[in-house]
Amino acid sequence: MENTPQNGKRPDPSNSPFLGTAGDTAANDATGASIPTPHRTGFPLRETMTCIVILAAFASLWYARQVYNTHTGTSFWLFWVALALALAVWAAAIWFHWWHAMPNAARIPIAIVLCAALGFFGGSQAAIAVHMHDEGEPDLGYIIVLGAQVYDEDTPSLVLRFRLDKAAAYLRANPDTTCIVSGGQGPNEPVPEAETMANYLVKDGHIDRSRIIEEPDSTTTVENLRNSHAIIEERKANGIKVPMSASGIPLAGDPSVGIVTNNFHVFRALQIARDQGYTNVRGIAAGSPDDMLLNNMVRESFAEAKYLVKR
């Protein structure tokens with residue numbers, strides 16, 4: 001049976017020395033002295049998240065400057081500036097509760113678009129990563145080296161040197177492989193990329209010029225692979241590099257081809273090659289500048305989206 005005071009009133013729990021609330025009255029110790037009860041506060045999640053996003057915005061601006069200072073001719077440094085602005089808006093939205101103030105009619109479409117974009121970005125990055133260490137296979141019929149910026153007839157850019165050094169190493173290890181260097185002349189280039197690439201392979205890679213075919217007309221990766229495929233098909237029609245069986249019988253398939261490009265670019269290059277009719281192709285991944293790998297991989301996701309739209 002529950003005991004109640006003689007006056008019939010239940011005791012007020014707030015007056016109990018064992019219970020307290022935020023900012024409540026103090027409890028008493030054994031002598032009756034007042035003991036202040038500390039004010040209970042939650043983790044400052046909003047403040048912490050705002051600080052993290054602001055720091056990310058400043059980091060993005062810093063990286064934009066790093067990309068710009070490479071002077072490679074790319075304008076993708078502007079992406080990092082735009083990302084910094086977007087992060088600043090996000091920080092303000094967290095601080096001022098803008099997201100919660102929006103009606104569902106606005107929040108739901110925004111959330112769907114953001115989730116779809118992040119899903120595509122994650123999927124494309126995974127696909128890029130899968131091919132970043134491709135090594136092809138020995139004794140390919142051809143390797144195709146994709147062009148990039150050159151400064152004069154003997155000086156390729158750093159990104160292109162990675163590709164050419166990888167190609168030279170492969171050609172020295174596989175003396176029966178023919179090399180196609182593919183690249184036209186851009187508006188800021190004094191000569192076609194293919195010319196510089198061939199000169200570099202001969203002078204610095206110690207490759208015999210008779211093993212190198214120049215394709216000097218292409219200006220995009222699609223054109224690189226389309227024009228190189230036409231060269232291979234023409235040579236095949238003339239009985240050069242025709243696939244043969246072990247018994248020496250000509251085969252109907254295509255010669256084996258390896259595409260030499262930087263590690264972050266291999267996935268898309270293989271995708272384009274297959275769309276251009278290559279049936280016996282694999283990637284050969286060259287290195288790339290470590291400090292620009294993040295920029296290059298993010299840019300590849302945008303390039304992949306653009307290619308799929310125009311495909």
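The model is predicted. The protein contains nine helices and nine strands. Of its 311 residues, 38% count as buried. Among contacts with a separation of 6 or more, 68% link residues 24 or more positions apart. The accessible surface amounts to about 18100 Å², and carbon and sulfur atoms contribute 62% of this area.

Helix α1 spans residues 45-68 and comprises 24 residues. The distance from its first C-alpha to its last is 35 Å, close to the 34 Å expected at 1.5 Å a residue. Buried positions in α1 are Thr50, Val53, Ala57, Ser60, Tyr63, Ala64 and Val67. These buried residues pack against α2 (77-96) and α9 (293-310).

At least two lining residues come from each of α5 (158-173), α7 (221-237), α8 (266-275) and α9, and α9 has the largest share, with eight residues. By residue class, the lining of the largest pocket has 13 nonpolar, 21 polar and eleven charged members.

The second largest pocket has a volume of about 1100 Å³. It is lined by 26 residues, with Leu83, Leu87, Trp90, Leu114 and Leu118 the closest to its centre. Helices α1, α2, α3 (98-101), α4 (104-130) and α9 each provide at least two residues of this lining; α2 gives the most, nine residues. The lining of the second largest pocket comprises 22 nonpolar residues, three polar and one charged.

Definitions and conventions
Residues numbered from 1 in each chain as written. Predicted model: local features only at pLDDT ≥ 70, side-chain atom pairs only at ≥ 80, totals over all residues. Heavy atoms only, no water. Helix = DSSP H or I, 4+ residues; strand = E, 2+ residues; numbered from the N terminus. Buried < 20%, exposed > 50% of the residue type's maximum accessible area, 1.4 Å probe, protein only. Contact = heavy atoms within 4.5 Å. Areas by Shrake-Rupley, 256 points an atom, 1.4 Å probe, with all protein chains shown as cover. Expected span 1.5 Å × (residues − 1). Nonpolar A, V, L, I, M, F, W, Y, C, P; charged D, E, K, R; others polar. 1 Å grid on protein atoms, 1.4 Å probe; cavity = no way out; pocket = protein on both sides within 12 Å on 5 of 7 lines; lining within 4 Å. Points joined across faces, edges and corners; volume = space filled by probe spheres on them.
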